[in-house]
Amino acid sequence: MAVFVVTPFRVSWILSWRSSKHCADGGESALPPKMLTKEILEDKLVNRTLQEGLLLEFKKDSDRVLLAVAQRPDGKKNWMVSDQNGVTSSIKPQQITYIVPGVENFDHTEIPDFIQKAQNNLDPTLLEFAWVEILEKNQSVTAEELAEMIFGSKEPLESYCAHLLLSKDEIYFTVLETKGSVSIYGPRPTLQVEELLRRKLMKEAAEEELQEFVQLLKSAKAMPLDAKPPKSSWITEEKIRDKIKSLEAYAIDDCRNDDQKKTAGAILKAMGLAKTASSAVNLLMNIGYFPVHVNLDLLKLNIPTDHSDEVITAAESLLSESSDKDEIDRKDLTHLKVYAIDVDEADELDDALSATRLQDGRIKVWIHVADPTRFVDPGSIVDRAAMKRGVSVFLPTATYPMFPEKLAMEGMSLKQGEICQAVTVSVVLHSDGSISEYSVENSVIKPTYMLTYESASELLHLDLAEEAELKILSEAAKLRLQWRRQQGAVDTATLETRIKVANPDDPEPTINLYVENQADPAMRLVSEMMILCGEAMATFGSHNNIPLPYRGQPQSNIDTSAFAHLPEGPVRTAAIVKIMRAAEIDFRNPIRHGILGLPGYVQFTSPIRRYLDLLAHYQVKAFLRGESLPFTAGQLEGIASFINMHARMVRKLCSSGLRYWIIEFLRTQPKEKRYHALILRFIKDRNAALLLVEVGLQASAWVSVAQVGDEVEVQIEEAHPRDDVLYLKEVV
């Protein structure tokens with residue numbers, strides 16, 4: 001059996017095809033070009049009869065083609081064969097892709113040797129030379145004819161080599177017709193070959209780029225955590241940036257086109273990883289591109305984290321150039337003692353409070369609200385950027401403000417001991433807590449204290465004579481809560497968790513967790529004053545026919561007595577919240593807010609943090625100046641539709657981020673630690689929804705006690721924040 005060896009003489013002979021024209025020498029080559037007769041095709045498509053001992057190639061499955069020796073018939077059509085791996089199986093005739101000619105009684109144990117000789121004999125460049133010759137003559141060829149042409153022999157090995165070259169070729173030849181195991185091939189046109197060669201070169205270059213990138217990934221993956229390349233190094237060079245961005249998009253299920261998806265899939269396959277989003281996430285973590293605690297929701301929701309240079313420049317100009325259009329109309333309230341009460345890490349302070357007792361015994365309170373409209377006009381660059389964001393985003397790991405930070409902090413925010421411009425809503429209360437008088441005016445204030453909720457509660461507890469104003473505010477809050485309950489308000493106070501992570505990029509960051517009870521005196525004080533301001537603004541807007549975002553909650557028929565058997569606080573609140581309906585907004589008239597027990601309500605106290613509050617400021621400020629209102633009710637509705645959609649995304653982001661870090665906090669605690677849990681309700685049988693009191697998180701577990709509202713002790717069995725998994729076990 002001959003084995004073909006490429007000699008210098010044969011190479012020169014093949015190369016001579018490129019420059020010489022060959023005359024017809026009879027047979028098919030004498031036919032006119034461009035057309036092969038049906039008779040010639042049929043003559044070539046003579047299918048071989050399968051018999052014992054023949055060497056054949058068959059398709060094992062979609063990915064594998066094997067050589068085998070025919071052993072014996074298996075039924076009417078199938079044959080038993082022994083393949084190159086020594087496996088005997090039954091195959092169908094349509095699985096056979098080639099029968100090697102000139103072979104009888106082949107020993108299947110010699111198949112591996114035959115395959116090795118064939119592989120050694122393959123030279124794909126021979127196809128190009130054969131293509132030139134065959135194209136010039138407009139011939140078609142079978143594997144055996146090609147073997148005669150390029151190897152000078154139609155022996156079994158040469159024929160099989162020619163078959164392999166033709167069947168695997170994607171450039172020079174195409175199948176014209178197939179009958180059984182016999183195929184006829186024809187040369188592709190020159191332009192098509194050039195295009196296919198161009199694509200092949202591009203594919204090879206892309207594959208080379210891919211392998212280089214994979215080596216970078218493997219190298220970074222093997223490095224110690226403190227030595228991994230910085231994120232910036234992956235986005236400097238375009239071809240690397242494109243691939244890492246494809247992986248990132250795949251990780252957050254945000255591939256913008258099929259190319260990104262294919263690129264990421266190819267990278268994961270080359271790395272020996274499953275083509276899943278979690279594989280991409282873990283790979284990006286392992287190379288240091290993602291921190292261990294990367295916030296995937298922040299990336300998925302595409303929440304903007306930085307302001308553009310254009311917006312920052314415009315904001316800085318406002319700080320240095322802006323004048324106060326309301327300066328001559330501002331009321332000087334700097335003589336008032338002003339309390340700003342917020343969480344200790346608050347960056348933007350929107351509101352502050354003052355109070356006094358009038359000579360007739362009634363209480364007067366002032367709610368001072370920051371005045372960002374002193375700097376920002378509707379439709380300006382900074383305003384449009386704020387509208388696009390809708391709200392400031394407060395996460396355990398970072399804050400992404402609605403306005404550029406410098407403008408918000410240095411210009412808009414209220415600051416202790418400094419003269420600050422504000423919009424002040426003053427309210428005089430009846431003895432029952434209802435509104436007696438109110439006013440809305442531009443003002444100048446000088447905040448006296450910046451208090452945390454904890455320090456405010458402590459001052460209330462100490463009952464200091466010099467802080468009588470704080471005590472009056474607390475008294476006003478109690479009156480208001482009592483009055484609202486008489487109007488049908490539903491108390492939804494519960495536990496509120498705050499987390500701050502100082503170094504979120506570290507694998508083991510420092511997690512500071514605080515749980516606050518919304519029924520705490522200081523928190524009650526602030527929330528009641530904000531609600532009071534909202535009622536006063538709704539009344540003001542209605543009286544003056546000002547389109548505003550009037551918020552309401554139509555559910556005013558909640559029978560709170562149905563929940564009287566539940567303990568007051570988180571347990572009762574959880575039961576009520578489950579049946580509450582979503583809030584509604586009207587932009588023309590106030591609507592009843594059943595949960596708050598108010599005839600109307602407008603959010604007004606957070607214009608630095610919430611764009612809808614800022615819209616209310618634009619409208620009210622224009623009215624106070626005697627100017628035309630900037631927005632109609634219809635325009636407000638359109639803007640609010642966009643803002644509310646974005647706000648829902650932010651709420652989802654903040655909720656998932658808070659839950660992630662609570663579970664991560666629990667994961668780091670000692671396994672033996674016990675937690676108090678309130679039973680909120682039973683889900684099924686003894687499986688109960690619980691509230692972990694120490695961390696303010698809801699979870700579920702099997703419990704032995706029978707009553708909603710009972711308290712049990714639990715331990716953490718498993719905590720996996722990335723998968724949102726928390727398994728609890730009752731300590732009996």
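Author: An axis here is a line fitted to C-alpha atoms, taken for a helix over the stretch in contact, and angles between N-to-C directions run from 0 to 180 degrees. The model under discussion is a predicted one. With that in place, the pair to examine consists of helix α15, residues 453-462, and helix α17, residues 521-543, whose axes lie 8 Å apart at an angle of about 105 degrees. Since angles of 65 to 115 degrees count as roughly perpendicular, α15 is therefore roughly perpendicular to α17. On the α15 side, the contact is made by Tyr 453, Ala 456, Ser 457 and Leu 460. On the α17 side, Pro 521, Ala 522, Met 523, Leu 525 and Val 526 take part. Sorted by class, these residues comprise eight nonpolar, one polar and no charged.

The positions on α15 may be read against a general rule. An α-helix has 3.6 residues a turn, so residues three or four places apart point the same way.

From α15 the account passes to the loop that joins α15 to α16, where Asp 463 lies. Asp 463 is not a glycine, yet its phi is positive, at about 55 degrees. Its relative accessibility is 43%, and Asp 463 therefore counts as partly exposed.

Arg 484 is buried, because its relative accessible area is 6%, below the limit of 20%. Setting aside neighbours within four places in sequence, Arg 484 is in contact with Ala 489, Glu 528, Ile 531, Ile 595, Leu 596, Gly 597 and Leu 598. Two of these partners, Glu 528 and Ile 531, fall within the residue range 521-543 of α17.

The axes of α4 and helix α5, residues 143-151, come within 10 Å and cross at roughly 105 degrees. These two helices are therefore roughly perpendicular to each other. Their contact joins Leu 126, Leu 127, Ala 130, Glu 133 and Ile 134 of α4 to Leu 146, Met 149, Ile 150 and Phe 151 of α5. By class, this contact has eight nonpolar, no polar and one charged residues.

Helix α4 itself spans residues 125-137, and its buried residues are Leu 126, Leu 127, Phe 129, Ala 130, Trp 131, Val 132, Glu 133, Ile 134 and Lys 137. Just after α4, Asn 138 takes a positive phi of about 50 degrees.

Arg 188 lies in the loop between β7, residues 182-187, and α7, residues 190-222. Its relative accessible area of 15% is the reason why Arg 188 is classed as buried. Apart from neighbours within four places in sequence, Arg 188 is in contact with Trp 131, Leu 135, Glu 170, Ile 171, Tyr 172, Phe 173, Thr 174, Val 193 and Leu 196. The C-alpha atom of Arg 188 is 9.8 Å from that of Val 175, 13 residues apart along the chain.

A further arginine, Arg 659, is found in helix α20, residues 633-667. Arg 659 has a relative accessible area of 26% and is therefore partly exposed. Not counting residues up to four places away in sequence, Arg 659 touches Leu 697, Gln 698 and Asp 724. Although Arg 659 and Asp 724 are 65 residues apart along the chain, their C-alpha atoms are separated by 8.0 Å. Asp 724 is located in the loop between β24, residues 711-720, and β25, residues 725-730. Its phi is positive, near 55 degrees, in a residue other than glycine. At 44% relative accessibility, Asp 724 counts as partly exposed.

The structure holds 10 aromatic pairs. One of them joins Phe 106 and Phe 114 edge-to-face, at 5.8 Å centre to centre with 85 degrees between the planes. Both Phe 106 and Phe 114 are buried. Together with Tyr 98 and Tyr 160, these two form one aromatic cluster. Elsewhere, Lys 231 lies over the face of Tyr 289, at 4.9 Å from the ring centre.

Note on methods. Residues are numbered from 1 along each chain as its sequence is written. This is a predicted model: local features need pLDDT of at least 70, side-chain atom pairs count only at pLDDT 80 or more; totals for chains, interfaces and linings use all residues. Side-chain values use heavy atoms; hydrogens and water are left out. Helices (H or I, at least four residues) and strands (E, at least two) are DSSP runs, numbered from the N terminus. Angles under 35 degrees count as roughly parallel, over 145 as roughly antiparallel, 65 to 115 as roughly perpendicular and the rest as oblique. Contact means heavy atoms within 4.5 Å. Ala, Val, Leu, Ile, Met, Phe, Trp, Tyr, Cys and Pro count as nonpolar, Asp, Glu, Lys and Arg as charged, and the others, Gly among them, as polar. Rings of Phe, Tyr and Trp (its six-membered ring) pair if their centres lie within 6.5 Å; planes under 30 degrees apart count as stacked, over 60 as edge-to-face and the rest as tilted. Buried means under 20% relative accessible area, exposed over 50%, partly exposed in between (1.4 Å probe, protein chains only). A charge sits over a ring if NZ of Lys or CZ of Arg is within 6 Å of the ring centre and within 35 degrees of the ring normal.
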